[in-house]
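Me: I have a protein model open and would like to go through it slowly. Could you help me read it?

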Amino acid sequence: MSSGARQLLIMRHGEAAPGFPDHARLLTPRGEQEADSMARWLAVRIEQGELALPILYASPYVRAQQTAQRFSDALGVALHTLDFITPDDSPAAVSDWLLSQPEGDAIMLVSHMPLVGDLTGLLVEGAASQGVGFPTAAIAELDADVWAAGCARLTRFTQPGELL
């Protein structure tokens, strides 16, 4: 990672139960387990100095809040809510928001498909249409000197099944 590079973790929430309204769907027991295992894994990597402690943001949707709360507890960081990282929000708007964030801060976003895939595609490949498929509770790790389209590097992609 170059000296000016910043870290961004983009995560899809854990497995959620079907239901309506969409924003009120809850994590399943499996989704809770996925989120817990990923939170423990990330906490160990941060303790070992492999990653910076991120500022944690989540979608207001219940399943994202439930997932992010596990990271808040495991990492000992506050959980902030961003209203514009719901499933069908604009990856370009999120990219613009990232550009306005202070330099040096590592950021973690807990959100939904298709936004997580589209945002990763936009930042890495320069086009949301080049998006990445995210299994539940998967985390994409990106670094960049600036959070603009096509300027980020995907450094790691991890899903819960890889931790077992």
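Me: To start, how many percent of the 164 residues count as buried?

Reply: Of the 164 residues of the protein, 48% count as buried, where buried means under 20% relative accessible area, exposed means over 50%, and partly exposed is in between, all with a 1.4 Å probe and protein chains only. Please keep in mind that this is a predicted model, in which local features need pLDDT of at least 70 and side-chain atom pairs count only at pLDDT 80 or more, while totals for chains, interfaces and linings use all residues. Residues are numbered from 1 along each chain as its sequence is written, and side-chain values use heavy atoms, with hydrogens and water left out.

Me: OK, and how many helices and strands are there?

Reply: The protein has four helices and six strands, and along the sequence they follow the pattern β-α-β-α-β-α-β-α-β-β. Both kinds of element are DSSP runs numbered from the N terminus, with helices (H or I) of at least four residues and strands (E) of at least two.

Me: Why is it called as compact as a globular protein of that length?

Reply: Its radius of gyration is 14 Å, close to the 15 Å that the globule rule gives for 164 residues, so the protein is as compact as a globular protein of that length. The radius is taken over C-alpha atoms, and the rule is 2.2 Å times the number of residues to the power 0.38. Along its principal axes, the C-alpha trace spans about 40 × 35 × 25 Å.

Me: What share of the contacts comes from residues 24 or more positions apart?

Reply: If we take the contacts with a separation of 6 or more, residues 24 or more positions apart account for 67% of them, and a contact here means heavy atoms within 4.5 Å.

Me: Switching to rings, how many aromatic pairs does a search of the whole structure find?

Reply: The search finds three aromatic pairs. Rings of Phe, Tyr and Trp (its six-membered ring) pair if their centres lie within 6.5 Å, and planes under 30 degrees apart count as stacked, over 60 as edge-to-face and the rest as tilted. Among these pairs is Tyr57 with Trp97, which is edge-to-face, at 4.9 Å centre to centre and with 85° between the planes.

Me: Which parts does that pair tie together?

Reply: Tyr57 lies in strand S2 (residues 55-58) and Trp97 in helix H3 (residues 91-99), so the pair ties together parts that are 40 residues apart in sequence. Both Tyr57 and Trp97 are buried. Another edge-to-face pair is formed by Phe134 and Phe157, with 5.1 Å centre to centre and 75° between the planes.

Me: Where do Phe134 and Phe157 sit?

Reply: Phe134 is in the loop between helix H4 (115-125) and strand S5 (139-144), whereas Phe157 is in strand S6 (residues 153-158), so this pair links distant parts of the chain, 23 residues apart. Phe134 has 4% relative accessibility and counts as buried, while Phe157, with a relative accessible area of 25%, is partly exposed.

Me: And which residues form one aromatic cluster?

Reply: That cluster is formed by Tyr57, Phe84 and Trp97.

Me: Back to H3, are Ser95 and Asp96 buried or exposed?

Reply: Ser95 is in helix H3 and counts as buried at 5% relative accessibility. Asp96 is also placed in helix H3, but at 51% relative accessibility Asp96 counts as exposed.

Me: What is Ser95 in contact with?

Reply: Leaving aside neighbours within four places in sequence, Ser95 is in contact with Leu119, Leu122, Leu123, Trp147 and Ala148.

Me: How about Ala68, what does that touch?

Reply: Ala68, in helix H2 (residues 62-75), is buried at 0% relative accessibility. Not counting residues up to four places away in sequence, Ala68 touches Leu56, Ala58, Leu79 and Val110.

Me: Last topic, the backbone: which residues does a cis peptide bond join?

Reply: A cis peptide bond joins Phe20 and Pro21, with omega about 0°, and Pro21 is in the loop between strand S1 (6-12) and helix H1 (29-47). The bond from Met113 to Pro114 is also cis, with omega near 5°, and Pro114 lies in the loop between strand S4 (107-111) and H4.
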